[in-house]
Amino acid sequence: MTGTEDVQAEVKDFFMGTPGLEDPHPLMGKLRAACPVAHSEAMGGYKILSRYLDIVAALQDYSTFSNCVIAIPPIEDLRGKIIPLNYDPPEHTEYRQVFAAYFTPRAVAKVEADARARLRTLLENFLAKGGGDFVPHVLVPFPCVTFLLMLGLPLADLDQLLEWKDVLVRDLLSGIPERVNEAVNVVLPKIENYFAQRVTEREQDPNPPDDVLTALSRADFRGRPFTLVEKIQTLMLFFQAGLDTVTGQLGFIVEHLATNPGQRRLLHDNPSLIPNAVEEYLRYFSIVTLARKVMVDTEVAGVPIKAGELVQLLTQSAGRDESQYPNAGEIDFERKNFKHLGFGAGPHRCIGSHLARMEMRVALEEMNEAMPDYALADPASVTHHWGAVAGVDRLDLTIPASKRDDHHHKDGP
Amino acid sequence: MKLEIDPAACTGHGRCYSVVPELFDATDDGYGIVRAETVTEAQRADAERAVDSCPEQAISLKP
């Protein structure tokens, strides 16, 4: 077994956003085993927590572990706090309450049929091409279209939003000063202007639909209406949290199913397993790496952490913590314990979790129907990014010719 | 047995009412509530499943 000092030496400059970083899971296993509170000197320095119980405790203890910093590297000036993400209780609780009812399983069910129909079209177009890179053709547009439907924004805005999203995803947490500067000072203002325009239009709409944008246009905080800046900063959360997260999560899922035909067939023959499979994938491939700022001197696993220090919470590691899950390294759709931190925990539990779950379930259901068989065109071409939100960069799929013919025949004239 | 949700700990993951809708319901804001405080021996396995599914350890089952 590797000693604490050896593991610490290995993570001395660890940064999840390092371009070309190889699969960090083996390293996370070493951290859990021998170095539960590690220290990285990268990006100004931060502690790294890797065990399930330490991470859930930090997420729940919001007065010690503040959300004023939520990712590594921290961005000092992000043109104002994102609502409600960057706030701690009690402000956080009051802001969040404004939208809670719009993101429940019941509320999300209202956009399911529409999202499913849009996904079917994306899959049909992908199959008509005979395969290709699944990321830009399906995995990127599907969550973005669902986001527009959910909020009540025009679908015609999709291409513009995708262009901005790509810049933010690539640059905002890159740690490269000129790129961060461009994202913050050029792209963010454009998105702010866009949101200001759309929410103002909605305020003036005499017959507004019952959706998130309307709720936001009428939102109150502590007995006064939201300011325009508050409205924009709330939309910014939905925008940044709802797009590349589901894309990334589905990327890992589809890659796994493409390379494990037995489990793909199991889901195909037993679609009732799909909701469990989604949870199991959220555990095994948790894609969001969180961070917090420590507000008072504290201690985790016997290691002191000082006020002002940043901690990184490796939820990806929590999902494979052997002390919580038997055979943590195996993907088992019939696992009994599918509790996980894929959506975090504590007061900041992902408000979009039910939307994300619906999107992933619908994706697996529709792929079952439209493309039961597929494989990686070239396993060597599949690369991943880790960062604050992990994902698959490229996922070239081949569809067996006979299945393509079936598809054309079924949907033909 | 008595089945309870600690409302201070519940953050609306919605696992309980998704996994065992027979025993749990949702508030309009998506928080979990128990349908009945008292559960029978026959419902024990389902109740324990909900306890194990809650990421906040907000659900308790007591004799």
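User: Which residue does Arg15(B) form a salt bridge with?

Analyst: Arg15(B) forms one with Glu279(A), and their closest N and O atoms are 3.5 Å apart. A salt bridge here is a side-chain nitrogen of Lys or Arg within 4 Å of a carboxyl oxygen of Asp or Glu. This is a predicted model: local features need pLDDT of at least 70, side-chain atom pairs count only at pLDDT 80 or more, and totals for chains, interfaces and linings use all residues, while side-chain values use heavy atoms, with hydrogens and water left out. Residues are numbered from 1 along each chain as its sequence is written; chains are lettered from A and ligands numbered from 1 in the order in which they are written.

User: OK. How many salt bridges are there between chain A and chain B?

Analyst: The count is 3. The interface also has 9 residue pairs in polar contact, both partners being at pLDDT 80 or more. A polar contact is a pair of N or O atoms within 3.5 Å; within protein, one must be able to donate a hydrogen and the other to accept it, and residues adjacent in sequence count only if both atoms are side-chain atoms.

User: Which helices of chain A supply at least two residues to the side that touches chain B?

Analyst: They are H3 (52–60), H4 (91–97), H5 (105–128) and H16 (353–370) of chain A. The largest share, 3 residues, comes from H3(A). Helices (H or I, at least four residues) and strands (E, at least two) are DSSP runs, numbered from the N terminus.

User: What kinds of residues make up that side of chain A?

Analyst: There are 8 nonpolar, 8 polar and 6 charged ones. Ala, Val, Leu, Ile, Met, Phe, Trp, Tyr, Cys and Pro count as nonpolar, Asp, Glu, Lys and Arg as charged, and the others, Gly among them, as polar.

User: And how many residues are in contact across the two chains?

Analyst: On chain A 22 residues are in contact with 20 of chain B, where contact means heavy atoms within 4.5 Å. The size of an interface is often given as the accessible area lost when the parts come together. Between chain A and chain B the buried area is about 1600 Å², with carbon and sulfur atoms giving 42%. Buried area is the accessible area (1.4 Å probe) that two parts lose on being put together, summed over both.

User: Back to Glu279(A). Is that residue buried or exposed?

Analyst: Glu279(A) counts as buried because its relative accessible area is 3%. Buried means under 20% relative accessible area, exposed over 50%, and partly exposed in between (1.4 Å probe, protein chains only). Glu279(A) sits in helix H14 (residues 274–284) of chain A.

User: What is Glu279(A) in contact with?

Analyst: Leaving aside neighbours within four places in sequence, Glu279(A) is in contact with Phe338(A), His340(A), Arg357(A) and Arg15(B). With His340(A) there is a side-chain polar contact of 2.8 Å.

User: New topic. In what order do the strands of the open sheet in chain A come?

Analyst: The order is E1-E2-E10-E7-E3, 5 strands with mixed pairing. At the edges are E1 (37–40) and E3 (65–66), each pairing on one side only. Two strands pair if DSSP finds at least two bridges between them.

User: How many bridges join E7 and E10 of chain A?

Analyst: E7 (residues 290–294) and E10 (residues 310–313) pair over 4 bridges in the antiparallel sense. Ala291(A) has Gln312(A) in E10(A) as its bridge partner, and Arg292(A) stands opposite Val311(A). E7(A) is also joined to E3(A) by 2 bridges, again antiparallel. In that pairing, Phe65(A) has Val294(A) as its bridge partner. Of the 5 residues of E7(A), 4 are buried.

User: What is the phi of Met43(A)?

Analyst: Phi is near 50° there, a positive value in a residue other than glycine. Met43(A) lies in the loop between E1 and E2 (46–49) of chain A and counts as partly exposed at 32% relative accessibility.
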